[in-house]
Amino acid sequence: MNEIVLVSNTTKHFQQKTAVNNISFSMKKGEIAAILGPNGAGKTTVISMILGLLKPSKGEIKLFNRVPDDQQVREKIGVMLQEVSVMPGLKVSEILELFRSYYPNPLSMKELVSLTALTKEDLKTRAEKLSGGQKRRLSFALALAGNPELLIFDEPTVGMDTSSRHRFWQTIHGLADQGKTIIFSTHYLQEADDAAQRILFFADGRLVADDSPMQIRSRIQKQSVSFTLHSDESLERLSRHPEVERVIHKHKRTIIQTSNTDKVLALIFQENIHARDIRIEQGTLDEAFRQLADGNREAM
Ligand SMILES: Nc1ncnc2c1ncn2[C@@H]1O[C@H](COP(=O)(O)OP(=O)(O)OP(=O)(O)O)[C@@H](O)[C@H]1O
Ligand SMILES: [Mg+2]
């Protein structure tokens, strides 16, 4: 059995609203995929359907070739939802023990603690007294408690500081190396780019792109390379190359718009331009979203 997740022609309506509109994709064992898209794009709805928490209005979802709410499927999946809810009154260690007891082959407490960076202090703390970041760590540990084969996360890094994020993604990559399949949603192109081999880009409930991060980025046209120049050096040699789409001068900086920043960087060196303080702008997320969403609307 190759396909861990199979979503076919799936639609979800809420009254008049079509939250998810006829999407199809599948995932193989060991893949890491990011569901990316702006607010209201349908990310949580898709994840809820994959988890069997919502029923599709049309279409079908299979996990491990079974329906999502099958007990055998439940034992193989680990989940972190957008809203973290914890059990008040219990200590973190007690909650973890309880969750471990639900599964046939749970991870040991030691493994859980080391994977999620829960501290001795965290373990002794009562759930209601945890900070936002500590709650996230607990929620991550709960997702891993059953030693799942498929991990599903809805915006896992919201509220994490930089070092927690870094650690979180390191752990995720380690888990993928062990053959776990991982799907997560995010608003952040950068995060999807760093962590996933594949991006499923949602806009208005449609799956408008399903590609590697590199392919997705190359669709975002408004990228630029900017720099300052030593003197009033001519950029004529540079402008001759077709990759240089437009040259703009703004606040003493020269900005080159391009869809291939790597190539423009290479050209700067090749043409021996004395550029200083070179910066690469991959286009803002807003732009990226807008371009993909506009493309979606044109295709409709
Ligand atoms: N239970 C519901 N009843 C009615 N409309 C809903 C319901 N859940 C979601 N929606 C609508 O469906 C659309 C998709 O919502 P969803 O929560 O899936 O988006 P999202 O991509 O997860 O957004 P966010 O980035 O804000 O988390 C939105 O327009 C939302 O208002
Ligand atoms: Mg959401």
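Author: Start with the ligand. A backbone N or O atom of Ala 41 lies 3.1 Å from an oxygen atom of ligand 1. Keep in mind that this is a predicted model.

Reader: What makes the pair formed by Lys 43 and ligand 1 a polar contact?

Author: The cut-off is 3.5 Å between N or O atoms. A polar side-chain atom of Lys 43 is 2.7 Å from a ligand 1 oxygen. That is within the limit, so the pair counts.

Reader: How much of ligand 1 does the protein bury?

Author: Alone, ligand 1 exposes 640 Å², and the protein buries 65% of that.

Reader: Which elements give two or more residues to the shell around ligand 1?

Author: They are strand 2 (17–28) and helix 1 (43–50). Helix 1 gives the largest share, three residues. By type, the shell has four nonpolar, seven polar and three charged residues. Of the 14 residues around ligand 1, those that come nearest are Gly 40, Lys 43, Thr 44, Thr 45 and His 187.

Reader: Now Thr 10. Why does Thr 10 count as buried?

Author: Buried means under 20% relative accessible area. Thr 10 has 0%, so it counts as buried. Thr 10 sits in strand 1 (residues 3–14). Leaving out residues up to four places away in sequence, Thr 10 touches several others, among them Val 20, Ile 23, Met 49 and Ile 61.

Reader: What makes the phi of Ala 117 worth a remark?

Author: Most residues other than glycine have a negative phi. Ala 117 is not a glycine, yet its phi is positive, about 60°. Asn 147 also has a positive phi, near 50°, and is a residue other than glycine.

Reader: And Asn 147: buried, partly exposed or exposed?

Author: Asn 147 has a relative accessible area of 32%, which is between the cut-offs, so it is partly exposed. Asn 147 lies in the loop between helix 6 (132–144) and strand 6 (150–154).

Reader: Last, how far apart are the centres of domain 1 and domain 2?

Author: The domain assignment gives domain 1 (3–214) and domain 2 (221–281). Their C-alpha centres lie 41 Å apart.

Methods
Residues are numbered from 1 along each chain as its sequence is written. Chains are lettered from A and ligands numbered from 1 in the order in which they are written. This is a predicted model: local features need pLDDT of at least 70, side-chain atom pairs count only at pLDDT 80 or more; totals for chains, interfaces and linings use all residues. Side-chain values use heavy atoms; hydrogens and water are left out. Domain bounds come from an automatic or database domain assignment. A residue is near a molecule or strand if one of its heavy atoms lies within 4 Å of it. A polar contact is a pair of N or O atoms within 3.5 Å; within protein, one must be able to donate a hydrogen and the other to accept it, and residues adjacent in sequence count only if both atoms are side-chain atoms. Accessible areas come from the Shrake-Rupley method with a 1.4 Å probe; for residues, only the protein chains shown count as cover. Helices (H or I, at least four residues) and strands (E, at least two) are DSSP runs, numbered from the N terminus. Ala, Val, Leu, Ile, Met, Phe, Trp, Tyr, Cys and Pro count as nonpolar, Asp, Glu, Lys and Arg as charged, and the others, Gly among them, as polar. Buried means under 20% relative accessible area, exposed over 50%, partly exposed in between (1.4 Å probe, protein chains only). Contact means heavy atoms within 4.5 Å.
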